[in-house]
Amino acid sequence: MGKAAAVGTAVVVAAAVGVAVVLARQRRRRELELVEGAAAERKRKVAAVIEDVEHALSTPTALLRGISDAMVSEMERGLRGDIHAMLKMLITYVDNLPTGNEEGLFYALDLGGTNFRVLRVQLGGRERRVVRQQYDEVSIPPHLMVGTSMELFDFIAAALSKFVDTEDNGLHLPEGRQRELGFTFSFPVNQTSISSGTLIKWTKGFSINDAVGQDIVSELSKAMERQGLDMKVTALVNDTVGTLAGGRYADNDVVAAIILGTGTNAAYVEHANAIPKWTGLLPRSGNMVINTEWGSFKSDKLPLSEYDKAMDFESLNPGEQIYEKMISGMYLGEIVRRILLKLAHDAALFGDVVPPKLEQPFVLRTPDMSAMHHDSSHDLKTVGAKLKDIVGVADTSLEVRYITSHICDIVAERGARLAAAGIYGILKKLGRDKLPGDGSKMPRTVIALDGGLYEHYKKFSSCLESTLTDLLGDAVASSVVTKLANDGSGIGAALLAASHSQYAEID
Ligand code: ADP
Ligand code: MG
């Protein structure tokens, strides 16, 4: 090849290379633009969904006030016996809350889940208080939860009898006296006296047909007799009423108890004159404990989102327990899952495919939600680990983790604020929501709270407390105290057995 030809070829090659480079650069820029466009589009969609969620789940203070007012009117309807009232306002026949003067040995039995507990306390009166307390926990074999009434109660009575046999010298039952028991039975009951009530229906996995409509205390008493155990049931209560009694024993200013656990409920001390005359009940002490069953509260003021509606529709009890479904531990994680699923579907939050695990109802439990929400590490390590374990997405960006944490925040905050609105409603019903008109000092008012959600989900409980302060205003809030009544319901039932003792009149 001649020199000129070689130069010419080189020029052509160089030109071709130059063109190719330019083309490649242009293609890369276009690809980049596409990728950036897609990312921007995804970001826009994510932001739009989050904005919708924030709006649908928002609970401005004015709305909370409206919800409290609706709660108060449903409480009044329930007390009047209106069958359409959203709150059942069940009369508990507990008109004698423990005072602190109780003395003697008392037993309690707590049935309401997969475990039941037996407990005994030696009460030493005003000065010595709870001298000794012992308990035992027994799990119920699953086949007994769906068998016959006799089998279940025989099993319970046998465990109780075994527990009684372990009484030692430190425990005293006065000569000639029968042992007495408070029975915490956390299922729907039609109470007929302090120590009797018929079972309306089973919940929480129990299904024993021949017990429905029966008097639960007489079922237990017959079983104790069959076991040769001489013991009298002097109080039949649910966990909320038990917590109220335990709370009152510890602090005389307790006026209400709230359970925030798997479910939610509230009980409070009502003035006797609020109990309608037709009930024929004239409470001895001028007060009566009311079991509100507030979980069933419903109002068009409640911020019910598309996520709540779909969860309710697919639940075992559609249309029921609407307030509970927005607040309690059984549901909060599930609401978060539904929102994340929407973000996955509509905004490809976890990439182009929706993680199959995220489609599974109730995979995200409230304790996991709480763990993610409390993650304060700079890279949200716990959120990343939970998303990997639960949703099955191994590598999540910091942005995805922040979004997840933010969703937890929105859902927990709504639940806590709605619960605070309910407590504010009870305080309104009691006239403890404002300073006394006559200029006298605001009485100290204590709310006992119990349940795993309140106890362990700190961001939930602190939001509940600050919202209550906000609703009450600083002046009133300074007289209102919220107190964890840790596991007060077990000892509460024993205390109620004492304050409703068959020997109480004699002492
Ligand atoms: P129950 O209400 O069944 O009688 P608990 O009062 O112990 O029992 O409450 C248990 C519920 O509390 C759980 O179902 C769960 O929803 C909630 N919970 C427990 N631990 C936590 C936690 N660490 N964070 C948030 N919620 C929790
Ligand atoms: Mg409980």
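Predicted model: local features only at pLDDT ≥ 70, side-chain atom pairs only at ≥ 80, totals over all residues.

User: OK, so is Cys408 buried or exposed?

Analyst: Cys408 counts as buried, because its relative accessibility is 0%.

User: And how many disulfides does the structure hold?

Analyst: There are 0 disulfides, a disulfide being a pair of cysteine sulfur atoms within 2.5 Å. For Cys408 the closest cysteine sulfur belongs to Cys463 and is 14 Å away, so the two are too far apart for a bond.

User: What about Cys463, buried or exposed?

Analyst: Cys463 counts as buried too, because its relative accessibility is 15%.

User: Switching to the ligand: which residues surround ligand 1?

Analyst: The shell consists of Gly261, Thr262, Gly329, Thr366, Pro367, Ser370, Gly451, Gly452, Leu453, His456 and Tyr457, where a residue is near a molecule if one of its heavy atoms lies within 4 Å of it.

User: Which polar contacts does Thr262 make there?

Analyst: A polar side-chain atom of Thr262 lies 2.7 Å from an oxygen atom of ligand 1; a polar contact is a pair of N or O atoms within 3.5 Å, and within protein one must be able to donate a hydrogen and the other to accept it, with residues adjacent in sequence counting only if both atoms are side-chain atoms. From the backbone, an N or O atom of Gly329 lies 3.2 Å from a ligand 1 oxygen, and a polar atom of Gly452 is 3.0 Å from an oxygen of ligand 1.

User: Last topic, the sheet. In what order do the strands run?

Analyst: It is an open sheet of 6 strands with mixed pairing, in the order E1-E11-E10-E9-E12-E13; strands (E, at least two residues) are DSSP runs numbered from the N terminus, and two strands pair if DSSP finds at least two bridges between them. The edge strands, E1 (90-91) and E13 (480-484), each pair on one side only. E1 and E11 (residues 287-291) run antiparallel and are joined by 2 bridges, with Leu90 opposite Asn291 in E11.

Note on methods: Residues numbered from 1 in each chain as written. Chains lettered and ligands numbered in written order. Heavy atoms only, no water. Buried < 20%, exposed > 50% of the residue type's maximum accessible area, 1.4 Å probe, protein only. Helix = DSSP H or I, 4+ residues; strand = E, 2+ residues; numbered from the N terminus.
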